[in-house]
Amino acid sequence: MTDRAVAVVRAGALTTVQDLGRVGYAHLGVPRSGALDPGAVRLLNRLVGNLGAREGAAVLETTVDGCALRPRCAVTVAVGGAPCPVRVDGRPAAWGAAVRVPAGSLLEVGAAVRGLRSYVAFGGGLAVDPVLGSRSTDLLSGLGPAPLAEGAVLPLGADTAVRGSVDAPPWPGPPDELVLRVRLGPRDDWFTAAALHAFATRAYRVSPASNRIGLRLEGPALERVRPGELASEGMVLGAVQVPPDGRPVVFLADHPTTGGYPVVAVVREADLGAAAQAVPGTPVRFIPVR
Amino acid sequence: MSVRTLRVGDRALLVELAGGTETEAFHAELLRRRAAGALPGVREIVPAARTVLLDGVDDPGRLAAELPHWEVEPLHARVEAVVEVPVRYDGPDLAEVADLWGVSVEEAVRVHSATEFRVAFCGFAPGFGYLTGLDERYGVPRRATPRTAVPAGSVALAGPYTGVYPRSSPGGWQLIGTTDVVLWDTGREPAALLTPGTRVRFTTVGGPTCGAGDSAAEGGR
């Protein structure tokens, strides 16, 4: 009798189940959600043998201080994303590589050494019940499984026993400065020329108020040329929304699907994984590209 | 139909229309084309007040060039059923809303329950629809101080819209009533009762204001 599940010994500050998100329901007000660093998810799933469509199998996303787990069955795991110490029954194990964890052993995912969010992938993936086609925890609207709590037990999917392999080295960690390429618009015409110049040239900093909904920034306030409200309109991942205080917010996975503040620019999706790893205080620059 | 198409990042387009009716017609046209398989490579169609967002677009440049040449069918009266939402008009802000409208509470209930609404778009929370249909003069401001918890099933007004809270959440809308209808159920397809384009009518049930069916002229004040 096998009990394919993993028990939570230490939940950490905020650990959630994430896959590649809940696509296709934005018109019902459902955020996309999903891992903030999807590149890490794909890589780690490949490492544990979740290949093809299973590259998007559900993993754990930790925040700052990792978590600790006790699998009830032998399972292959891989820890990546933000670099952190990994231990199995107290002994150091590899980060960014497949690790076999025996049944009943303690897997410790330590605090991030760089970056914010580490990911833990499992052979077979986490098999919590999907909601609208995804197992992701959506912190804006409360869909999907609750954030991890001590004592929770998460089911695992059937292991394929395929050996994983990757052709790219694990990502080494976030840069000291976050450079975000953006395409201006759709509402750049709501801002003064001086504001647009400041946006493209001045340095911002990641605010500690950032979360899975948005990367909040401190820095020059962007002044509008027109007052008043924008009628609510659809919002995309990476939208740089500017609320009345003028401080831009970069929308991340759990962003609302519609909003009434103007979007000055949109960050390239490829740059958002790094944004998810930027600790508070990290300098940020926006580079307009076409 | 005049449309303005704005690029949104590398994979999305925001189509801006002249008003709510044009937006509704354009959204219906998009759904028709998608159902006919004539809109490949578009992942999300998100209508809003005066725009429709097309997200996850494979070739946004090409689609942006095509859109202005589309023939958009005008909206015709639909034969599809109207979703009925039974409401107890017992909200804590009902009297204030009636005051803002310059009518009695009974008349406010009559006006609201006599209106055919339409889900213009969703947002704020899964299954929360922004319903249009009330005459312009019945627009009301949001409350100066939002409530920290609005109960699920609250029927509420803000600006030109009526909405129903699918679950308990903070909110600044004016609460005029309560319904027991389940707005959001992920075990149901679709999970939202009120999807964009759906026609809605609120019917009065129970309570002292039930059936305030005097014969005053529509919208009299």
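Tutor: Helices here are DSSP runs of H or I with at least four residues, strands are runs of E with at least two, and both are numbered from the N terminus. What you see is a predicted model, in which local features need pLDDT of at least 70, side-chain atom pairs count only at pLDDT 80 or more, and totals for chains, interfaces and linings use all residues. Residues are numbered from 1 along each chain as its sequence is written, chains are lettered from A and ligands numbered from 1 in the order in which they are written, and side-chain values use heavy atoms, with hydrogens and water left out.

Let us begin with helix α1 of chain B, residues 20–35, where B:Arg34 is found. With a relative accessible area of 37%, B:Arg34 is partly exposed, a class that lies between buried (under 20%) and exposed (over 50%), judged with a 1.4 Å probe on protein chains only. Apart from neighbours within four places in sequence, B:Arg34 is in contact with B:Leu39 and B:Ile45, contact meaning heavy atoms within 4.5 Å.

In helix α2 of chain B, residues 60–66, B:Arg62 and B:Glu66 are four residues apart, so about one helical turn separates them. These two form a salt bridge whose closest N and O atoms are 3.5 Å apart, the term standing for a side-chain nitrogen of Lys or Arg within 4 Å of a carboxyl oxygen of Asp or Glu. B:Arg62 is exposed at a relative accessible area of 54%, whereas B:Glu66, at 33%, counts as partly exposed.

Helix α3 of chain B, residues 94–101, has B:Leu94, B:Val97, B:Ala98 and B:Trp101 as its buried residues. They lie on the same side of α3(B) because they cover an arc of only 100 degrees around the axis, taken from the directions that run from the helix axis to the C-beta atoms. Among the elements that cover these buried residues are α4 (105–114), β9 (154–158) and β12 (174–178) of chain B. Just after α3(B) comes B:Gly102, which takes a positive phi of about 75 degrees.

B:Glu96 forms a salt bridge with B:Arg143, with 3.5 Å between the closest N and O atoms. The pair links distant parts of the chain, 47 residues apart, as B:Arg143 lies in the loop between β7 (129–132) and β8 (147–150) of chain B. B:Arg143 counts as partly exposed too, at 25% relative accessibility.

Salt bridges that share partners also join A:Arg187, A:Asp189, A:Arg226, A:Glu233, B:Arg4 and B:Glu16 into one network. Over all chains the structure holds 34 salt bridges, and five are found across the interface of chain A and chain B. Elsewhere in the model, the side chains of B:Asp55 and A:Arg32 meet in a salt bridge at 3.9 Å, N to O. As for the extent of this interface, 30 residues of chain A are in contact with 34 residues of chain B.
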